[in-house]
Every structure is written in structure tokens, then in C-alpha cells.
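Here is a friendly look at a ligand site and at a pair of aromatic rings. Load the model in your viewer and follow along.

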Amino acid sequence: MFGKRAKYNVLFVCLGNICRSPSAEAVFREAVDKAGMSGKVEVDSAGIIGYHAGEGADPRMKRHASQRGYRLTSISRPVIAEDFNRFDLIVGMDDRNIRDLRRKAPADGRAEIRKMTDFCTRFDETEVPDPYYGGAAGFERVLDLLEDACDGLLRYVSRQAETER
Ligand code: 4NP
């Protein structure tokens with residue numbers, strides 16, 4: 001399974017690690033659990049900035065997520081250099097996240113860096129927009145896009161498991 005590694009490690013990243021990436025973590029973990037892959041896939045999240053480090057997810061994001069049955073339990077932390085070797089896949093939410101991740105990646109970093117919307121099949125968006133300064137619709141939009149992307153991401157991770165044996 002996953003080459004020499006026992007587990008496939010996925011890190012979701014957004015700007016503050018209090019809205020989009022904690023939600024991605026919860027939505028993907030549920031998809032992994034439902035697929036019976038929880039022993040094979042490790043999921044975490046982090047932020048480009050450490051401004052909210054130590055805080056739980058944004059209460060607005062928590063509320064919208066809980067209405068769909070997701071519990072956001074992550075505590076915000078910034079991305080660190082070791083993440084680029086600890087994780088197989090680092091998934092950013094928008095183009096700026098991707099630029100910042102590439103800039104932070106050490107020369108020997110082996111993590112693949114991808115954008116969340118690359119895995120969408122129902123929505124045709126190219127970013128998961130930052131909901132922080134907007135209203136309720138923005139938080140719902142985040143969850144719609146994440147649920148779509150997580151389905152695609154699960155298929156991608158399952159294929160990695162088959163091809164890297
Ligand atoms: P997130 O949302 O990147 O989805 O966690 C944001 C949270 C906080 C800030 C910006 C975006 N902020 O500027 O503090």
C-alpha cells in the first residue's frame with residue numbers, strides 16, 4: 001500500500017487554518033472513514049499564516065459544517081518545513097495558497113502540491129474562495145466545493161494505493 005509507506009498522508013492548507021482547511025479535513029476524514037480507509041490515510045490541516053495559531057475553527061464555519069453533520073475539531077497551526085516531507089500530498093484552497101506553498105517548500109520536499117478544485121467533478125470553479133469576510137452563502141459555498149472535491153480526492157488517493165503497490 002502506497003509504496004514503502006503504510007499510510008498516505010494528506011495535509012489541507014488555507015490562509016488562516018480556521019475556515020476552509022479545517023472543513024476540508026473534516027469532510028475528507030468522513031469520506032475516508034466511509035470508504036473503510038481510515039487505517040490507511042492520515043489527514044491534517046494547517047495555515048499559510050500563524051495568526052490564528054492555537055485557535056479552534058471559526059464559529060461560523062463550525063456552525064455551517066455541523067448543519068451537514070461535520071464536527072470541526074482542529075486547532076490552527078502554521079505550515080512548517082517538515083510538512084513537505086511528512087505529507088505525500090498538500091492541498092491548497094486557492095491560487096495564492098499554491099504560490100505560498102511553493103515558496104515555502106524546501107528543496108528536498110517530496111510532497112505533491114495540488115489545488116483542491118483540481119479534484120472537483122461537479123463544480124467548475126478554480127478556487128475555494130475565502131469566506132472569512134463574507135456572509136452565510138460563502139460558508140455554504142465552501143462546503144459545497146469541499147464535498148465535491150473530497151469525492152474526487154478519495155478516488156485519487158485510492159488510485160495511488162493501487163499504482164504504488
Ligand atoms: P481560511 O479563512 O483561510 O479559510 O481559514 C481565513 C481566516 C482568517 C483570515 C483570513 C482567511 N485572516 O485574515 O485572519
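The report below covers the model, the ligand site and the aromatic pairs.

## About the model

This is a predicted model, in which local features need pLDDT of at least 70, side-chain atom pairs count only at pLDDT 80 or more, and totals for chains, interfaces and linings use all residues. Residues are numbered from 1 along each chain as its sequence is written, and side-chain values use heavy atoms, with hydrogens and water left out.

## The ligand and its shell

Around the ligand you will find Cys14, Leu15, Gly16, Asn17, Ile18, Cys19, Arg20, His52, Asp130, Tyr132 and Tyr133 (a residue is near if one of its heavy atoms lies within 4 Å). This shell comprises 6 nonpolar, 3 polar and 2 charged residues, where Ala, Val, Leu, Ile, Met, Phe, Trp, Tyr, Cys and Pro count as nonpolar, Asp, Glu, Lys and Arg as charged, and the others, Gly among them, as polar.

From arginine 20, a polar side-chain atom lies 2.8 Å from a ligand oxygen. The protein buries 93% of the 360 Å² that the ligand exposes when taken alone (Shrake-Rupley method, 1.4 Å probe).

## Aromatic pairs

The structure has 3 aromatic pairs (ring centres within 6.5 Å). The rings of phenylalanine 12 and phenylalanine 28 have centres 5.7 Å apart and planes at 75°, so this pair is edge-to-face (planes over 60 degrees apart). Because phenylalanine 12 belongs to strand β1 (residues 8-14) and phenylalanine 28 to helix α1 (residues 20-34), the pair ties together parts that are 16 residues apart in sequence (DSSP runs: helices H or I, at least four residues; strands E, at least two).

Terms used:
Polar contact = N/O pair within 3.5 Å; in protein donor to acceptor, adjacent residues only side chain to side chain. Phe/Tyr/Trp six-rings, centres within 6.5 Å; stacked < 30°, edge-to-face > 60°.
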